[in-house]
Amino acid sequence: MDAKTSIRVIIIRMLIIFLFLSSSYTMVVAKPNDVVPRANGFAVPKSNAFGQSFRDYEASVRLSIVENTYRLNHINQTYDFLKYAKLNKAEMSIWEAIELLDSFVDESDPDLDEPQIQHLLQSAEAIRKDYPNEDWLHLTALIHDLGKVLFHSKFGSLPQWAVVGDTQPVGCAFDELIVYHKYFKENPDYNNPAYNTKLGIYSEGCGLENVLMSWGHDDYMYLVAKANGTALPSATLFTIRYHSFYPLHKKGAYQYLMNEEDRENMKWVQKFNKYDLYSKSSVRIDVEKVKPYYESLIKKYFPEKLRW
Ligand SMILES: [Fe+2]
Ligand SMILES: [Fe+2]
């Protein structure tokens with residue numbers, strides 16, 4: 001190779017490196033609305049921790065526990081069911097709440113019976129693989145189920161049916177697409193003409209913000225994050241609030257209650273769902289190893305102590 005050819009080869013190599021670096025840079029500065037998952041990121045497994053399909057309510061080995069939780073949920077979640085909206089139960093940091101959840105298993109979940117701290121870290125680590133630069137998404141995943149502290153004695157030791165499971169609107173008819181719909185027949189609202197029509201007390205397109213949902217960990221954590229002035233974006237708050245609203249985000253029920261803003265935000269809930277559902281695994285994450293990273297995010301987006 002003569003000197004001229006060598007120079008040409010060096011210039012071409014430098015050009016290739018420049019092009020590669022500039023494409024990576026575009027990812028770093030992308031706005032929340034444009035973010036795309038990394039190509040070789042989180043791989044969706046074919047089966048859940050028990051070797052079965054995800055959310056298969058007929059085949060789940062946890063069937064009787066799951067069905068009973070839904071039976072009680074559908075009978076007791078009424079328009080008048082007491083709401084725990086006051087944040088006067090405790091003062092603690094986000095990480096203290098995570099540790100409080102360590103001993104709880106979600107009995108509405110057909111896919112996992114690992115302690116909740118593992119579910120939080122597994123979903124956060126999975127979304128981090130696909131969106132390495134979007135730290136707000138990592139934290140969204142980490143805190144999305146923190147409302148499950150409602151199980152704890154400090155928070156009234158609420159029963160499983162009042163904390164977990166899919167959520168649905170109250171104040172209007174229970175859509176037939178809701179899992180275990182048959183149990184609503186024993187719910188007092190089922191025969192109440194004020195609440196058992198398609199729109200009930202609502203109007204077409206009124207917006208989800210004006211719709212009362214069945215009570216559980218979703219609404220509670222949304223309240224906690226909002227009232228404590230989190231710096232996380234509105235996409236996080238919406239995702240936390242509606243991540244269990246499977247009748248809508250998976251099956252398309254109740255779309256007539258949404259407004260334009262809800263339709264936009266729902267895209268985030270659907271993106272997030274993949275990591276909430278498919279990251280569940282019996283392979284545990286080493287808590288101490290990842291804790292410093294998540295503590296730095298908590299510091300960035302939350303006050304040190306929060307009202308719960
Ligand atoms: Fe959840
Ligand atoms: Fe979850």
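**Figure 1. Secondary structure of the predicted model, which comprises ten helices and two strands.** Along the sequence these elements follow the pattern α-α-β-α-α-α-α-α-α-α-α-β, where helices (H or I, at least four residues) and strands (E, at least two) are DSSP runs numbered from the N terminus. Of the 308 residues, 37% count as buried; a residue is buried if 20 or more other C-beta atoms lie within 10 Å of its own, exposed if 12 or fewer, and partly exposed in between, with C-beta atoms placed from the backbone. Among the contacts with a separation of 6 or more, 78% join residues 24 or more positions apart, two residues being in contact if their C-beta atoms, placed from the backbone, lie within 7 Å. Residues are numbered from 1 along each chain as its sequence is written, and chains are lettered from A and ligands numbered from 1 in the order in which they are written. Because this is a predicted model, local features need pLDDT of at least 70 and side-chain atom pairs count only at pLDDT 80 or more, whereas totals for chains, interfaces and linings use all residues.

**Figure 2. The largest nonpolar core, with 56 residues.** A nonpolar core is a set of buried Ala, Val, Leu, Ile, Met, Phe, Trp, Tyr and Cys residues joined through C-beta atoms within 7 Å. Leu 101, Val 149 and Met 221 have the most contacts inside this core, to which α3 (94–100), α4 (116–130), α5, α6, α7 (234–242), α8 (246–249) and α9 (260–278) each supply at least two residues. Leaving aside neighbours within four places in sequence, Leu 101 is in contact with Gln 116, Ile 117, Leu 146, Lys 148 and Val 149. Another core, of six residues, lies apart from the largest one and includes Val 66, Phe 174, Ile 178 and Val 179.

**Figure 3. The packing of α6 against α7, whose axes come within 7 Å and cross at roughly 155 degrees.** This crossing makes α6 roughly antiparallel to α7; axes are lines fitted to C-alpha atoms, for helices over the stretch in contact, with angles running from 0 to 180 degrees between N-to-C directions, and angles under 35 degrees count as roughly parallel, over 145 as roughly antiparallel, 65 to 115 as roughly perpendicular and the rest as oblique. Asp 218, Asp 219, Met 221, Tyr 222, Ala 225 and Lys 226 of α6 make the contact with Leu 237, Ile 240, Arg 241 and Tyr 242 of α7.

**Figure 4. A group of residues listed under "binding site" in an unreviewed UniProt entry: His 119, His 144, Asp 145, His 217, His 243 and Asp 276.** These residues are spread over 158 residues of sequence, yet they cluster in space, with a largest C-alpha distance of 14.4 Å; UniProt positions are given in the numbering used here, feature names are shortened, and annotations may be inferred rather than shown by experiment. Asp 145, in the loop between α5 and α6, counts as buried because it has 26 C-beta neighbours inside 10 Å. Beyond four places in sequence, Asp 145 is in contact with Gln 116, His 119, Leu 120 and His 217.

Figure 5. The unreviewed UniProt entry includes Asp 166 among the residues listed for "binding site". Asp 166 counts as buried because it has 22 C-beta neighbours inside 10 Å, and beyond four places in sequence its contacts are Ile 178, Val 179, Ser 244, Tyr 246 and Pro 247.
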